[in-house]
Amino acid sequence: MARRKKNKVKPEKDRILEYDGWKQGDNCYTVFNGESKPSYCEVLHFHPTDELTPSVSLTEINTGKYRVAALMAIAETGKQAKKLSPAWNKFLEDWNTKQAKLRKKQRIAELKAIAKEQAEAAKAQAAAELTAAEEETKKKKAKKKKQ
């Protein structure tokens, strides 16, 4: 006899369903990154604390794809969405440039720290070799005196 499945209660996710005049179930248009035509979408939920900019989870109505777009790139009509597209692309390009600069500064700082550590290690090794050489010469002098 087959075992009966246990009814597990799934925890509800704490999702933000209304944000900046938009709410779940609203239909909007957006031009996704790398595309030129506006897509007709339905709003699912919002991500106001996203790393880049507040964003929104959408479902494309024509294709059924689940996608995420910036809140600043969605509009009520296709024409408005096409007008917002260049501004969004410029913002994204500027953000990527800024992030690249920050990563470069971080990498330079890491390399400087590594170089400093290597210089200190080389200095410590030279000092240790010098003290070892001094000890060796002292021992040789002590042997000569005894003879």
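**Exercise 1.** Which residues does Thr53 touch, not counting residues up to four places away in sequence?

*Solution.* This is a predicted model, in which local features need pLDDT of at least 70, side-chain atom pairs count only at pLDDT 80 or more, and totals for chains, interfaces and linings use all residues. Residues are numbered from 1 along each chain as its sequence is written, and side-chain values use heavy atoms, with hydrogens and water left out.

Step 1. List the contacts (heavy atoms within 4.5 Å). Thr53 touches His47, Ala70, Met72, Trp88 and Phe91, with residues up to four places away in sequence left out.

Step 2. Check the accessibility. Thr53 has a relative accessible area of 12% and is therefore buried; buried means under 20%, exposed over 50%, and partly exposed in between (1.4 Å probe, protein chains only).

**Exercise 2.** Give the strand order of the open sheet and name its edge strands.

*Solution.* Step 1. Two strands pair if DSSP finds at least two bridges between them.

Step 1. The five strands follow the order E6-E5-E4-E3-E7, with antiparallel pairing.

Step 2. Strand E6 (66-70) and strand E7 (74-75) each pair on one side only, as edge strands.

Step 3. Go through bridge counts. E4 and E5 share six bridges, with Val43 partnered by Leu58 in E5. Four bridges link E3 and E4, where Thr30 has Ser39 as its partner in E4. Two bridges join E3 (residues 27-30) to E7, and Tyr29 is partnered by Ala75.

**Exercise 3.** Which residues make up the largest nonpolar core?

*Solution.* Step 1. A nonpolar core is a set of buried Ala, Val, Leu, Ile, Met, Phe, Trp, Tyr and Cys residues joined through side-chain atoms within 4.5 Å.

Step 1. The eleven members are Trp22, Cys28, Phe32, Cys41, Val43, Phe46, Val56, Leu58, Ala69, Leu71 and Ile74.

**Exercise 4.** Which salt bridges does Arg67 form with Glu35 and Glu60, and at what N to O distances?

*Solution.* Step 1. A salt bridge places a side-chain nitrogen of Lys or Arg within 4 Å of a carboxyl oxygen of Asp or Glu.

Step 1. The Arg67 to Glu35 distance is 3.1 Å. Arg67 lies in strand E6 and Glu35 in the loop between E3 and E4, so the pair ties together parts 32 residues apart in sequence.

Step 2. Arg67 and Glu60 meet at 2.7 Å. Glu60 is buried at 8% relative accessibility, while Glu35 is partly exposed at 35%.
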